[in-house]
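Hi there,

I am passing a structure on to you, and my notes follow below it. Have a look at it first, then read on.

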Amino acid sequence: MDEVTGAQLIAESLKTQKVEYMFGIVGVPIIEVAMAAQAAGIKYVGMRNEQAACYAASAVGYITGRPGACLVVSGPGLIHALGGMANANMNCWPVLVIGGSSDRNQEAAGAFQEFPQAVRTSIYGRPGAVYVDIAGDMVNAKVERDKVREVSCCPPPPVSLAPSAAAEEALSVLKAAKTPLVIIGKGAAYSRAEAVLMEFVEESGLPFLPTPMGKGVLPDDHPSCVAAARSRALLQADVVLLLGARLNWMLHFGLPPRFNPHVKIIQVDLCAEEMGNNVKARVALLGDVGAVVSQALALKGTLPMNYYTVFHHISQLLPRDCIIVSEGANTMDIGRTMLNNYLPRHRLDAGTFGTMGVGLGFAIAAAAVETTRIKPQRVVCVEGDSAFGFSGMEVETMCRYNLPVIIIVVNNNGIYSGVDADTWKEMAKMGDLTSVAPPVSLLPEARYDEVMTAFGGRGFLVRTAEELRDALQLCLTDWERPSLLNVLIDPSSDRKQQEFPWLTRSNL
């Protein structure tokens, strides 16, 4: 007859629940539990203080996503572990504290079936500490194995999404922000959200600030990390996107003088109780950080791109040795910081005189020179739609001489900003457009790509990041003729607010 002890059942139950690490200080009656854990394949680390043991077990829960076990004796041992349990609860880290208590008269080992529920409680919803009390006489009691009911491992926590309407509202608030900031907390780290967060930050161009334990979710040396200007970033942000971070003392409770008194908070958190804590959230998104950010990315794909999204993807694809020609208002200004050069005399823009209309002429000159070289380099001309209009007919010259220039028109329907097609139609109903149309507006969604195709070049109408990447990659392989990418962006898209805007100030 195969018999097992209570200690063996405890260890096997923990192993079934994918508990791989145990920390503690042994004593009667839980010495046999530690030995059985080792026999079951669980790594046991003997500590010198129950508080430190609980800290270690909870840290394992954060690092691995499955709770570590902390083994303590009753009385003072459990009391010492309370500090670690409190810390785990505040950090939202899963941990199982297993304590041995005095004997009880108990004939069966049914209590061991509680381990799946204990693990589930520690990792589902808001993670935290769970205490399991084991009667001393159960540790060495024996039971026939065939009388023990097997319980399967509890699955990983279900991943929850925010309501679609709330996610759409959050994107609208971010879109309207002048100085947005993303704050990345340890909730994002626990969510394993690093890959989707990288995609989100790089596509949006939003600056981010990690909390102390949110560091490393995205690299500290990422160009969008503003940790070196933390105080200024917090104070100047008009919209803050909280990703698994809490407005507690480490973030100055989200209040002035460290925060803008009119800041709008978009809060993403797994715990409903955290919503609106200290500062009322403009938008509350209850759900897993990684899942909600993925949800936002999917919705964002249906929205128009902005300058920063466009330049992010262009910068990833341009050859390091290409010649960049750039002109426009926002297009040239933003391009100067986001489109890098690595070789001398490979940058041509409006220059000292600030002349608009130079771009296509410069691009033709560069392409003409490059065609004489043994290893010609690509010429890429990045234009605002207004700037393109000054000399757009020069695409005929490019086609006539088969100059393989790639023109990228960043089209926001205007000079600095424009209006969308629907708004334009509504304005036309109001009366003479010469009286009602904003002076900065141009014809919405003008088909500059068709100007290029009319003369035999390649033209592409681009609305999404995927279309932009596909078209640009294709154009970079074509050395036979010029190409034009007409990239439609949000008409209200603008450059980030400048601290010293004396050169470009306007009442608009």
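A word on terms before the residues: buried means under 20% relative accessible area, exposed means over 50%, and partly exposed is in between, with a 1.4 Å probe and protein chains only. This is a predicted model, in which local features need pLDDT of at least 70 and side-chain atom pairs count only at pLDDT 80 or more, while totals for chains, interfaces and linings use all residues. Residues are numbered from 1 along each chain as its sequence is written, and side-chain values use heavy atoms, leaving out hydrogens and water.

**The chain as a whole**

The protein chain has 20 helices and 20 strands (DSSP runs numbered from the N terminus: H or I of at least four residues for helices, E of at least two for strands). Its radius of gyration is 31 Å, well over the 23 Å that the globule rule gives for 508 residues, so the chain is more spread out than a compact globule. That radius is taken over C-alpha atoms, and the rule is 2.2 Å times the number of residues to the power 0.38. Along the principal axes, the C-alpha trace spans about 95 × 55 × 40 Å. Of the 508 residues, 50% count as buried.

**Aromatic rings**

Rings of Phe, Tyr and Trp (its six-membered ring) pair if their centres lie within 6.5 Å; planes under 30 degrees apart count as stacked, over 60 as edge-to-face and the rest as tilted. By this rule there are three aromatic pairs. One of them is Tyr62 with Trp93, stacked at 4.7 Å centre to centre with 20 degrees between the planes. Tyr62 lies in helix α3 (residues 50-64) and Trp93 in the loop between α4 (76-91) and β5 (95-101), so this pair ties together parts that are 31 residues apart in sequence. Tyr62 is buried at 15% relative accessible area, and Trp93 is buried too, at 8%.

Tyr62 also stacks with Tyr190, at 6.4 Å centre to centre and 15 degrees between the planes. Because Tyr190 lies in helix α8 (residues 186-190) and Tyr62 in α3, the pair ties together parts that are 128 residues apart in sequence. Tyr190 counts as buried, with 18% relative accessibility. Tyr62, Trp93 and Tyr190 form one aromatic cluster.

**Charges over rings**

A charge sits over a ring if NZ of Lys or CZ of Arg is within 6 Å of the ring centre and within 35 degrees of the ring normal. The charged end of Arg320 sits over the ring of Tyr342, 3.7 Å from its centre. Likewise, the charged end of Arg378 sits over the ring of Trp479, 4.2 Å from the ring centre.

Best wishes
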